[in-house]
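Visitor: Please show me the chain. I would like to go through it by question and answer.

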Amino acid sequence: MAKDIVPQNTGDGNDESGKKETRPPWLIWWSAVSLLRPAFSRESAFMWFAVILAGFTVRTDMLGVSSFMRALNLRNCSYDALLRNFHSSAISLDRLTALWVQVVLRLFSNPVRVNGRLILVADGTKAPKRGKKMPGVKRLHQQSECNNKATWIMGHSLQGVCLLVNAACSVFAVPLALHIHEGIRSTPRDKRTLMDKLITLLETLALHQAPFYLVADAYYANGKTIKGLRRRGNHLISRMRSNSAANLLPIQEGPKKRGRPKVYGELIKLATLLKNPKSMEKDFSPVYGEKNVIIRYRVKDLLWKPAGCIVRFVGVTHPTRGSFVLISTDTSLSAVDIIRIYGLRFKIEFSFKQAVHCIGSLSYHFWMQKMKPLERNSGDQYLHRKPRTYRDAVKRKMQAYGVFLQAAVIAQGLLQYLSATFPVLVWNSFGSWLRTIRPGIAPSEFVVAIALRQSLPEFLLNFAGAHVFAKFIAERQDIDRMETFQMAA
(Lines give C-alpha, C1' and ligand atoms only; values in the text may rest on other atoms or scores of the structure.)
Protein backbone atom coordinates (compact mmCIF):
# COMPACT_ATOMS: atom_id res chain seq x y z
CA MET A 1 0.00 0.00 0.00
CA ALA A 2 1.42 3.36 -1.03
CA LYS A 3 1.61 6.04 1.59
CA ASP A 4 -0.96 8.84 1.78
CA ILE A 5 -0.33 11.29 -1.05
CA VAL A 6 -1.88 14.30 0.73
CA PRO A 7 0.05 15.49 3.80
CA GLN A 8 -1.64 17.15 6.74
CA ASN A 9 0.26 20.41 6.49
CA THR A 10 3.20 21.72 4.46
CA GLY A 11 4.39 25.22 3.77
CA ASP A 12 4.31 27.84 6.51
CA GLY A 13 5.78 30.84 4.73
CA ASN A 14 9.34 29.98 5.82
CA ASP A 15 12.31 29.07 3.68
CA GLU A 16 14.01 25.68 3.68
CA SER A 17 16.18 26.55 6.68
CA GLY A 18 13.13 27.32 8.81
CA LYS A 19 13.89 31.05 8.96
CA LYS A 20 10.97 33.38 8.32
CA GLU A 21 10.99 34.73 4.75
CA THR A 22 11.48 38.51 4.64
CA ARG A 23 12.27 39.06 0.96
CA PRO A 24 9.70 40.89 -1.18
CA PRO A 25 7.62 38.45 -3.24
CA TRP A 26 8.96 39.90 -6.49
CA LEU A 27 12.52 38.96 -5.55
CA ILE A 28 11.40 35.38 -4.95
CA TRP A 29 9.51 35.48 -8.25
CA TRP A 30 12.59 36.70 -10.10
CA SER A 31 14.86 34.07 -8.53
CA ALA A 32 12.61 31.42 -10.09
CA VAL A 33 12.32 33.17 -13.47
CA SER A 34 16.09 33.55 -13.77
CA LEU A 35 16.41 29.75 -13.88
CA LEU A 36 14.87 29.87 -17.39
CA ARG A 37 17.69 31.98 -18.87
CA PRO A 38 19.44 29.04 -20.69
CA ALA A 39 16.41 28.63 -22.98
CA PHE A 40 17.11 31.98 -24.67
CA SER A 41 19.98 32.68 -27.04
CA ARG A 42 19.89 36.44 -26.38
CA GLU A 43 19.66 38.38 -23.13
CA SER A 44 17.14 40.87 -24.54
CA ALA A 45 14.75 38.05 -25.53
CA PHE A 46 14.87 36.69 -21.98
CA MET A 47 14.24 40.09 -20.40
CA TRP A 48 11.23 40.77 -22.62
CA PHE A 49 9.94 37.28 -21.84
CA ALA A 50 10.19 38.13 -18.13
CA VAL A 51 8.15 41.26 -18.85
CA ILE A 52 5.52 39.06 -20.50
CA LEU A 53 5.41 36.80 -17.42
CA ALA A 54 4.97 39.86 -15.20
CA GLY A 55 2.22 41.11 -17.51
CA PHE A 56 0.34 37.81 -17.22
CA THR A 57 0.64 38.08 -13.44
CA VAL A 58 -0.55 41.63 -12.78
CA ARG A 59 -2.92 42.48 -15.64
CA THR A 60 -6.56 43.11 -14.83
CA ASP A 61 -8.01 42.43 -18.29
CA MET A 62 -7.34 39.77 -20.90
CA LEU A 63 -7.35 41.73 -24.16
CA GLY A 64 -4.14 40.40 -25.65
CA VAL A 65 -0.71 42.03 -25.61
CA SER A 66 -2.20 45.48 -25.03
CA SER A 67 -3.22 44.34 -21.54
CA PHE A 68 0.49 43.92 -20.69
CA MET A 69 1.10 47.50 -21.76
CA ARG A 70 -1.65 48.82 -19.48
CA ALA A 71 -0.73 46.60 -16.52
CA LEU A 72 2.94 47.65 -16.51
CA ASN A 73 2.37 51.18 -17.87
CA LEU A 74 4.90 50.71 -20.67
CA ARG A 75 5.68 53.25 -23.38
CA ASN A 76 4.14 52.85 -26.83
CA CYS A 77 7.35 51.54 -28.44
CA SER A 78 7.29 48.54 -26.09
CA TYR A 79 4.23 47.13 -27.87
CA ASP A 80 6.20 46.24 -31.00
CA ALA A 81 9.01 44.81 -28.88
CA LEU A 82 6.56 42.50 -27.12
CA LEU A 83 5.08 41.33 -30.42
CA ARG A 84 8.52 40.66 -31.87
CA ASN A 85 9.48 38.64 -28.81
CA PHE A 86 6.57 36.23 -29.27
CA HIS A 87 7.80 35.56 -32.82
CA SER A 88 11.51 35.62 -31.95
CA SER A 89 13.83 32.84 -33.13
CA ALA A 90 15.90 33.42 -29.97
CA ILE A 91 13.33 31.39 -28.03
CA SER A 92 13.57 27.62 -28.33
CA LEU A 93 10.09 26.40 -27.39
CA ASP A 94 11.07 22.76 -26.83
CA ARG A 95 14.06 23.75 -24.72
CA LEU A 96 11.96 26.23 -22.75
CA THR A 97 9.35 23.53 -22.05
CA ALA A 98 11.94 20.97 -20.92
CA LEU A 99 13.73 23.56 -18.77
CA TRP A 100 10.46 24.62 -17.13
CA VAL A 101 9.84 21.01 -16.12
CA GLN A 102 13.24 20.87 -14.43
CA VAL A 103 12.53 24.20 -12.71
CA VAL A 104 9.19 22.88 -11.41
CA LEU A 105 10.85 19.79 -9.96
CA ARG A 106 13.40 22.07 -8.30
CA LEU A 107 10.93 24.64 -6.94
CA PHE A 108 8.27 22.23 -5.66
CA SER A 109 10.04 20.06 -3.13
CA ASN A 110 6.94 17.97 -2.32
CA PRO A 111 5.40 16.53 -5.50
CA VAL A 112 2.80 13.80 -5.21
CA ARG A 113 4.51 10.42 -5.48
CA VAL A 114 3.20 6.87 -5.41
CA ASN A 115 5.69 4.00 -5.39
CA GLY A 116 8.40 6.57 -6.06
CA ARG A 117 6.70 7.74 -9.27
CA LEU A 118 5.45 11.23 -10.09
CA ILE A 119 1.80 11.76 -11.01
CA LEU A 120 1.18 13.54 -14.33
CA VAL A 121 -2.31 14.45 -15.52
CA ALA A 122 -3.10 15.00 -19.20
CA ASP A 123 -6.22 16.32 -20.89
CA GLY A 124 -7.37 18.24 -23.92
CA THR A 125 -9.08 21.59 -24.16
CA LYS A 126 -10.39 23.85 -26.91
CA ALA A 127 -9.77 27.57 -27.42
CA PRO A 128 -12.63 29.23 -29.39
CA LYS A 129 -11.16 31.41 -32.16
CA ARG A 130 -13.11 33.12 -34.92
CA GLY A 131 -10.14 34.76 -36.64
CA LYS A 132 -10.15 33.90 -40.36
CA LYS A 133 -6.43 34.56 -40.63
CA MET A 134 -5.23 32.45 -37.69
CA PRO A 135 -3.32 29.27 -38.68
CA GLY A 136 -4.47 26.09 -36.99
CA VAL A 137 -8.08 27.18 -36.49
CA LYS A 138 -10.51 24.44 -37.52
CA ARG A 139 -13.99 23.11 -36.90
CA LEU A 140 -14.10 21.31 -33.54
CA HIS A 141 -16.72 19.23 -31.79
CA GLN A 142 -17.41 20.42 -28.26
CA GLN A 143 -18.72 17.92 -25.72
CA SER A 144 -20.44 19.56 -22.80
CA GLU A 145 -23.41 19.01 -20.54
CA CYS A 146 -24.18 22.74 -20.73
CA ASN A 147 -26.93 23.60 -23.23
CA ASN A 148 -25.54 27.12 -23.68
CA LYS A 149 -22.46 25.85 -25.53
CA ALA A 150 -22.53 25.19 -29.24
CA THR A 151 -21.94 21.61 -30.40
CA TRP A 152 -19.49 22.76 -33.08
CA ILE A 153 -17.08 25.67 -32.79
CA MET A 154 -14.13 27.15 -34.65
CA GLY A 155 -10.94 27.20 -32.65
CA HIS A 156 -7.65 25.62 -31.64
CA SER A 157 -7.42 22.12 -30.20
CA LEU A 158 -4.86 21.88 -27.40
CA GLN A 159 -3.45 19.24 -25.10
CA GLY A 160 -1.90 19.97 -21.72
CA VAL A 161 0.12 18.12 -19.09
CA CYS A 162 0.24 18.98 -15.37
CA LEU A 163 2.27 17.72 -12.42
CA LEU A 164 0.47 17.08 -9.14
CA VAL A 165 2.17 18.66 -6.11
CA ASN A 166 1.21 18.93 -2.45
CA ALA A 167 0.33 22.40 -1.20
CA ALA A 168 -0.60 22.62 2.50
CA CYS A 169 -3.70 20.43 2.87
CA SER A 170 -4.56 20.50 -0.81
CA VAL A 171 -3.06 19.46 -4.15
CA PHE A 172 -2.10 21.71 -7.09
CA ALA A 173 -1.95 20.65 -10.73
CA VAL A 174 1.10 22.65 -11.83
CA PRO A 175 0.97 23.09 -15.63
CA LEU A 176 4.03 21.87 -17.51
CA ALA A 177 3.01 22.40 -21.13
CA LEU A 178 0.01 23.38 -23.26
CA HIS A 179 0.42 22.90 -27.01
CA ILE A 180 -1.77 23.18 -30.13
CA HIS A 181 -1.99 19.68 -31.59
CA GLU A 182 -4.46 20.00 -34.47
CA GLY A 183 -5.22 22.17 -37.47
CA ILE A 184 -1.92 22.11 -39.42
CA ARG A 185 -0.62 19.26 -41.59
CA SER A 186 2.58 19.68 -43.54
CA THR A 187 1.82 16.66 -45.73
CA PRO A 188 -1.17 14.35 -46.40
CA ARG A 189 1.02 11.45 -45.22
CA ASP A 190 1.03 12.90 -41.71
CA LYS A 191 -1.28 10.43 -39.96
CA ARG A 192 -0.33 11.24 -36.38
CA THR A 193 -3.24 11.24 -33.95
CA LEU A 194 -3.69 13.23 -30.75
CA MET A 195 -2.36 10.22 -28.83
CA ASP A 196 0.84 10.23 -30.91
CA LYS A 197 1.32 13.94 -30.28
CA LEU A 198 0.69 13.54 -26.56
CA ILE A 199 3.42 10.88 -26.36
CA THR A 200 5.76 13.22 -28.28
CA LEU A 201 4.90 16.03 -25.85
CA LEU A 202 5.69 13.80 -22.87
CA GLU A 203 9.06 12.96 -24.44
CA THR A 204 9.70 16.70 -24.91
CA LEU A 205 9.28 17.19 -21.18
CA ALA A 206 12.53 15.25 -20.68
CA LEU A 207 11.31 13.18 -17.72
CA HIS A 208 13.42 10.16 -18.66
CA GLN A 209 15.06 10.01 -15.23
CA ALA A 210 11.76 10.49 -13.36
CA PRO A 211 9.25 7.64 -13.92
CA PHE A 212 5.61 8.61 -13.65
CA TYR A 213 1.98 7.54 -13.75
CA LEU A 214 -0.08 9.33 -16.39
CA VAL A 215 -3.68 9.96 -15.35
CA ALA A 216 -6.15 10.71 -18.16
CA ASP A 217 -9.79 10.27 -19.08
CA ALA A 218 -11.31 7.46 -21.13
CA TYR A 219 -10.30 9.08 -24.45
CA TYR A 220 -6.67 8.13 -23.79
CA ALA A 221 -7.39 4.56 -22.65
CA ASN A 222 -6.10 2.87 -25.81
CA GLY A 223 -3.24 0.73 -26.97
CA LYS A 224 -1.31 3.51 -28.68
CA THR A 225 -1.05 5.56 -25.47
CA ILE A 226 -0.19 2.55 -23.32
CA LYS A 227 2.51 1.27 -25.67
CA GLY A 228 4.03 4.75 -25.96
CA LEU A 229 4.22 5.05 -22.18
CA ARG A 230 5.55 1.54 -21.58
CA ARG A 231 8.45 2.13 -23.96
CA ARG A 232 9.81 4.57 -21.36
CA GLY A 233 8.85 2.47 -18.35
CA ASN A 234 5.79 4.59 -17.43
CA HIS A 235 2.19 3.60 -16.74
CA LEU A 236 -1.34 4.77 -17.50
CA ILE A 237 -4.23 5.09 -15.06
CA SER A 238 -7.50 5.88 -16.77
CA ARG A 239 -11.18 5.18 -17.00
CA MET A 240 -12.61 2.62 -19.41
CA ARG A 241 -15.55 2.96 -21.75
CA SER A 242 -18.64 1.11 -20.61
CA ASN A 243 -18.69 -1.26 -23.63
CA SER A 244 -15.05 -2.40 -23.33
CA ALA A 245 -14.00 -6.03 -23.04
CA ALA A 246 -10.85 -7.99 -22.21
CA ASN A 247 -9.67 -11.60 -22.19
CA LEU A 248 -8.73 -14.10 -19.54
CA LEU A 249 -5.38 -15.82 -19.79
CA PRO A 250 -5.63 -19.01 -21.91
CA ILE A 251 -5.96 -22.28 -20.01
CA GLN A 252 -4.51 -25.44 -21.51
CA GLU A 253 -7.06 -28.26 -21.27
CA GLY A 254 -6.00 -31.80 -21.96
CA PRO A 255 -2.88 -32.83 -23.90
CA LYS A 256 -1.06 -30.24 -25.96
CA LYS A 257 -2.29 -30.10 -29.56
CA ARG A 258 -0.50 -29.25 -32.75
CA GLY A 259 -0.32 -25.68 -33.93
CA ARG A 260 0.12 -22.34 -32.26
CA PRO A 261 -1.00 -22.24 -28.63
CA LYS A 262 -3.81 -19.92 -27.63
CA VAL A 263 -2.84 -16.35 -26.81
CA TYR A 264 -6.20 -15.11 -25.52
CA GLY A 265 -8.66 -16.85 -23.27
CA GLU A 266 -12.36 -16.24 -22.76
CA LEU A 267 -13.64 -12.76 -23.62
CA ILE A 268 -15.19 -10.90 -20.68
CA LYS A 269 -17.16 -7.68 -20.82
CA LEU A 270 -15.84 -5.25 -18.23
CA ALA A 271 -19.39 -4.28 -17.27
CA THR A 272 -19.66 -7.66 -15.55
CA LEU A 273 -17.20 -6.41 -12.89
CA LEU A 274 -19.98 -4.15 -11.65
CA LYS A 275 -22.62 -6.87 -11.29
CA ASN A 276 -23.67 -8.24 -7.92
CA PRO A 277 -22.41 -5.32 -5.75
CA LYS A 278 -22.97 -7.28 -2.54
CA SER A 279 -20.13 -9.65 -3.44
CA MET A 280 -17.68 -6.78 -4.00
CA GLU A 281 -15.12 -5.64 -1.47
CA LYS A 282 -15.92 -2.62 0.71
CA ASP A 283 -13.69 0.19 1.93
CA PHE A 284 -13.72 3.88 2.80
CA SER A 285 -13.47 6.08 -0.27
CA PRO A 286 -9.90 7.34 -0.87
CA VAL A 287 -11.15 10.02 -3.27
CA TYR A 288 -9.77 13.51 -2.58
CA GLY A 289 -12.07 15.53 -0.30
CA GLU A 290 -14.34 12.63 0.74
CA LYS A 291 -14.72 11.36 4.30
CA ASN A 292 -16.78 8.51 5.74
CA VAL A 293 -17.99 7.41 2.29
CA ILE A 294 -18.18 3.66 1.67
CA ILE A 295 -17.41 2.34 -1.81
CA ARG A 296 -17.44 -1.15 -3.30
CA TYR A 297 -14.90 -2.45 -5.80
CA ARG A 298 -13.75 -5.58 -7.61
CA VAL A 299 -10.25 -6.18 -9.06
CA LYS A 300 -9.46 -8.32 -12.11
CA ASP A 301 -6.19 -8.73 -14.04
CA LEU A 302 -7.00 -9.41 -17.70
CA LEU A 303 -5.25 -9.52 -21.04
CA TRP A 304 -6.29 -6.48 -23.09
CA LYS A 305 -5.69 -6.80 -26.83
CA PRO A 306 -5.14 -3.10 -27.63
CA ALA A 307 -2.38 -2.90 -24.99
CA GLY A 308 -0.94 -6.33 -25.79
CA CYS A 309 -0.29 -7.04 -22.11
CA ILE A 310 -1.95 -7.86 -18.81
CA VAL A 311 -3.53 -4.84 -17.15
CA ARG A 312 -5.49 -4.36 -13.94
CA PHE A 313 -9.16 -3.43 -14.12
CA VAL A 314 -11.03 -2.09 -11.09
CA GLY A 315 -14.82 -1.98 -11.09
CA VAL A 316 -16.02 0.70 -8.65
CA THR A 317 -19.49 1.43 -7.29
CA HIS A 318 -19.77 4.81 -5.60
CA PRO A 319 -22.92 5.87 -3.69
CA THR A 320 -23.12 9.27 -5.44
CA ARG A 321 -20.74 9.12 -8.42
CA GLY A 322 -22.20 5.97 -9.94
CA SER A 323 -20.40 2.90 -11.29
CA PHE A 324 -17.33 2.85 -13.54
CA VAL A 325 -14.31 0.75 -14.46
CA LEU A 326 -10.71 1.97 -14.07
CA ILE A 327 -7.59 0.62 -15.76
CA SER A 328 -3.99 0.55 -14.55
CA THR A 329 -1.08 -0.85 -16.55
CA ASP A 330 0.83 -1.26 -13.28
CA THR A 331 -0.56 -4.47 -11.82
CA SER A 332 1.36 -3.94 -8.56
CA LEU A 333 -0.92 -1.04 -7.56
CA SER A 334 -3.74 -1.86 -5.18
CA ALA A 335 -7.32 -1.02 -6.07
CA VAL A 336 -7.50 1.69 -3.39
CA ASP A 337 -4.38 3.39 -4.76
CA ILE A 338 -5.76 3.30 -8.31
CA ILE A 339 -9.01 4.89 -7.15
CA ARG A 340 -7.13 7.49 -5.11
CA ILE A 341 -4.86 8.47 -8.00
CA TYR A 342 -7.65 8.69 -10.56
CA GLY A 343 -9.68 10.74 -8.06
CA LEU A 344 -7.14 13.55 -8.54
CA ARG A 345 -7.71 13.79 -12.30
CA PHE A 346 -10.16 16.66 -11.85
CA LYS A 347 -7.27 18.86 -10.70
CA ILE A 348 -6.22 19.48 -14.30
CA GLU A 349 -9.73 20.68 -15.15
CA PHE A 350 -9.54 23.11 -12.26
CA SER A 351 -6.10 24.19 -13.48
CA PHE A 352 -7.55 24.85 -16.96
CA LYS A 353 -10.31 26.91 -15.37
CA GLN A 354 -7.78 29.07 -13.52
CA ALA A 355 -5.71 29.39 -16.69
CA VAL A 356 -8.69 30.71 -18.65
CA HIS A 357 -10.31 32.99 -16.07
CA CYS A 358 -7.35 34.13 -13.94
CA ILE A 359 -4.29 33.98 -16.20
CA GLY A 360 -5.91 34.42 -19.62
CA SER A 361 -3.86 31.65 -21.21
CA LEU A 362 -6.13 31.41 -24.28
CA SER A 363 -6.51 35.15 -24.91
CA TYR A 364 -4.03 35.30 -27.81
CA HIS A 365 -5.14 36.54 -31.25
CA PHE A 366 -2.08 36.93 -33.48
CA TRP A 367 -3.19 37.17 -37.11
CA MET A 368 -1.23 36.30 -40.23
CA GLN A 369 -1.65 39.14 -42.70
CA LYS A 370 -0.82 37.18 -45.89
CA MET A 371 -2.96 34.17 -45.00
CA LYS A 372 -5.91 33.25 -47.18
CA PRO A 373 -9.06 33.74 -45.07
CA LEU A 374 -10.49 30.52 -43.70
CA GLU A 375 -13.92 29.37 -44.69
CA ARG A 376 -16.46 28.65 -42.01
CA ASN A 377 -16.44 25.03 -40.77
CA SER A 378 -13.13 24.29 -42.50
CA GLY A 379 -10.88 21.47 -41.29
CA ASP A 380 -7.14 20.92 -41.23
CA GLN A 381 -4.94 23.22 -43.29
CA TYR A 382 -2.51 21.36 -45.59
CA LEU A 383 0.73 23.13 -46.44
CA HIS A 384 2.39 20.71 -48.89
CA ARG A 385 1.36 22.76 -51.95
CA LYS A 386 2.05 26.16 -50.45
CA PRO A 387 5.19 28.20 -51.23
CA ARG A 388 8.07 27.93 -48.83
CA THR A 389 7.65 31.54 -47.70
CA TYR A 390 4.03 30.82 -46.80
CA ARG A 391 4.97 27.68 -44.84
CA ASP A 392 7.66 29.61 -42.97
CA ALA A 393 5.14 32.33 -42.11
CA VAL A 394 2.72 29.72 -40.73
CA LYS A 395 5.50 28.16 -38.61
CA ARG A 396 6.44 31.60 -37.32
CA LYS A 397 2.85 32.30 -36.27
CA MET A 398 2.47 28.88 -34.64
CA GLN A 399 5.69 29.64 -32.76
CA ALA A 400 4.08 32.83 -31.45
CA TYR A 401 1.04 30.87 -30.25
CA GLY A 402 3.31 28.34 -28.57
CA VAL A 403 5.39 30.99 -26.79
CA PHE A 404 2.23 32.75 -25.58
CA LEU A 405 0.79 29.50 -24.21
CA GLN A 406 4.03 28.42 -22.56
CA ALA A 407 4.48 31.87 -21.00
CA ALA A 408 0.98 31.60 -19.54
CA VAL A 409 1.81 28.10 -18.23
CA ILE A 410 4.97 29.41 -16.54
CA ALA A 411 3.17 32.44 -15.09
CA GLN A 412 0.52 30.21 -13.54
CA GLY A 413 3.14 27.81 -12.20
CA LEU A 414 5.03 30.68 -10.54
CA LEU A 415 1.85 31.81 -8.80
CA GLN A 416 1.33 28.27 -7.52
CA TYR A 417 4.95 28.14 -6.34
CA LEU A 418 4.51 31.27 -4.23
CA SER A 419 1.21 29.96 -2.89
CA ALA A 420 2.52 26.52 -1.94
CA THR A 421 5.89 27.64 -0.52
CA PHE A 422 5.28 31.12 0.93
CA PRO A 423 1.58 31.35 1.89
CA VAL A 424 2.19 33.66 4.90
CA LEU A 425 4.20 36.07 2.74
CA VAL A 426 1.41 36.07 0.14
CA TRP A 427 -1.27 36.90 2.70
CA ASN A 428 0.90 39.64 4.20
CA SER A 429 1.22 41.22 0.74
CA PHE A 430 -2.42 40.65 -0.23
CA GLY A 431 -3.68 44.05 0.93
CA SER A 432 -7.28 43.36 -0.10
CA TRP A 433 -10.38 41.63 1.26
CA LEU A 434 -11.86 38.15 1.05
CA ARG A 435 -15.04 37.04 2.77
CA THR A 436 -13.58 33.68 3.80
CA ILE A 437 -9.95 32.71 4.33
CA ARG A 438 -9.69 29.01 5.12
CA PRO A 439 -6.79 28.10 7.42
CA GLY A 440 -4.49 25.37 6.16
CA ILE A 441 -5.51 25.92 2.52
CA ALA A 442 -2.94 27.43 0.18
CA PRO A 443 -4.08 30.72 -1.42
CA SER A 444 -5.35 30.53 -4.97
CA GLU A 445 -3.65 31.93 -8.07
CA PHE A 446 -6.10 34.83 -7.91
CA VAL A 447 -4.94 35.79 -4.41
CA VAL A 448 -1.26 35.53 -5.31
CA ALA A 449 -1.79 37.63 -8.43
CA ILE A 450 -3.43 40.39 -6.34
CA ALA A 451 -0.57 40.24 -3.83
CA LEU A 452 2.01 40.67 -6.60
CA ARG A 453 -0.03 43.45 -8.20
CA GLN A 454 -0.21 45.31 -4.88
CA SER A 455 3.53 44.97 -4.22
CA LEU A 456 4.76 45.80 -7.75
CA PRO A 457 4.94 49.63 -7.33
CA GLU A 458 6.95 49.30 -4.12
CA PHE A 459 9.30 46.81 -5.79
CA LEU A 460 9.94 49.13 -8.75
CA LEU A 461 10.41 52.14 -6.48
CA ASN A 462 12.85 50.48 -4.07
CA PHE A 463 14.85 48.32 -6.50
CA ALA A 464 14.87 50.29 -9.79
CA GLY A 465 18.50 51.25 -9.25
CA ALA A 466 19.80 47.91 -7.99
CA HIS A 467 17.77 45.07 -9.53
CA VAL A 468 18.13 44.25 -13.22
CA PHE A 469 14.46 43.40 -13.78
CA ALA A 470 13.09 46.40 -11.86
CA LYS A 471 15.48 48.64 -13.78
CA PHE A 472 14.44 47.08 -17.13
CA ILE A 473 10.75 47.85 -16.49
CA ALA A 474 11.28 51.26 -14.87
CA GLU A 475 13.29 52.49 -17.86
CA ARG A 476 10.43 51.57 -20.22
CA GLN A 477 7.52 52.95 -18.24
CA ASP A 478 5.60 56.00 -19.42
CA ILE A 479 6.23 58.46 -16.56
CA ASP A 480 4.21 61.26 -18.19
CA ARG A 481 1.11 59.07 -18.36
CA MET A 482 1.53 58.11 -14.70
CA GLU A 483 1.81 61.77 -13.63
CA THR A 484 -1.24 62.73 -15.72
CA PHE A 485 -3.25 59.94 -14.11
CA GLN A 486 -2.18 60.98 -10.60
CA MET A 487 -3.14 64.61 -11.29
CA ALA A 488 -6.53 63.55 -12.60
CA ALA A 489 -7.09 61.38 -9.53
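Guide: One term before we start: pLDDT is the predictor's confidence in each residue, from 0 to 100. This is a predicted model.

Visitor: What is the mean pLDDT of the protein chain?
Guide: Of the chain's residues, 93% reach a pLDDT of 70 or more. The mean for the protein chain is 89.

Visitor: How many contacts beyond four places in sequence does the model have for residues 6–19?
Guide: Over residues 6–19, pLDDT stays under 50. Residues 484–489 also stay under 50, and for them the model has zero contacts beyond four places in sequence. For residues 6–19 the count of such contacts is 32.

Visitor: Which residue of strand 12 stands opposite Phe 284?
Guide: Strand 11 covers residues 281–284 and strand 12 covers residues 294–304. The two pair in the antiparallel sense over four bridges. Opposite Phe 284 stands Ile 294.

Visitor: How many bridges join strand 12 to strand 13?
Guide: Strand 12 and strand 13 run antiparallel. Asp 301 stands opposite Arg 312 in strand 13. The bridges joining strand 12 to strand 13 number nine.

Visitor: Which residue takes a positive phi in the hairpin of strand 12 and strand 13?
Guide: That hairpin has four residues between the strands. The phi is near 70°. The residue is Gly 308.

Visitor: What is the bridge partner of Gly 315 in strand 14?
Guide: Strand 13 (residues 309–318) pairs with strand 14 in the antiparallel sense over seven bridges. A hairpin of three residues joins strand 13 to strand 14. In strand 14, the partner of Gly 315 is Val 325.

Visitor: Which residue of strand 14 does Ser 238 stand opposite?
Guide: Strand 8 (residues 235–239) runs antiparallel to strand 14. Three bridges join them. Ser 238 stands opposite Ile 327.

Visitor: Why is strand 14 largely enclosed by the rest of the structure?
Guide: Strand 14 spans residues 322–328. A residue is buried at under 20% relative accessible area. Strand 14 is largely enclosed because, of its seven residues, the number buried is five.

Visitor: Are helix 9 and helix 10 roughly parallel or roughly perpendicular to each other?
Guide: Helix 9 (residues 346–359) and helix 10 (residues 388–421) have axes 11 Å apart. Their packing angle is about 100°. Angles of 65 to 115 degrees count as roughly perpendicular. The two helices are therefore roughly perpendicular.

Visitor: Which residues in helix 10 meet helix 9?
Guide: From helix 9 come Ser 351, Gln 354, Ala 355 and Ile 359. By class, the contact has four nonpolar, three polar and no charged residues.

Visitor: Is Ala 168 buried or exposed?
Guide: Ala 168 lies in the loop between strand 4 (152–167) and strand 5 (170–180). Its phi is positive, about 55°, although Ala 168 is not a glycine. Most residues other than glycine have a negative phi. At 7% relative accessibility, Ala 168 counts as buried.

Visitor: What is the relative accessible area of Ala 206?
Guide: Ala 206 sits in the loop between helix 6 (194–204) and strand 7 (212–215). Phi of Ala 206 is positive too, near 55°. Ala 206 is partly exposed, and its relative accessible area is 32%.

Note on methods: Residues numbered from 1 in each chain as written. Predicted model: local features only at pLDDT ≥ 70, side-chain atom pairs only at ≥ 80, totals over all residues. Heavy atoms only, no water. Buried < 20%, exposed > 50% of the residue type's maximum accessible area, 1.4 Å probe, protein only. Pairing = 2+ DSSP bridges. Contact = heavy atoms within 4.5 Å. Axes fitted to C-alpha atoms, helices over the stretch in contact; angles between N-to-C directions. Parallel < 35°, antiparallel > 145°, perpendicular 65-115°, else oblique. Nonpolar A, V, L, I, M, F, W, Y, C, P; charged D, E, K, R; others polar.
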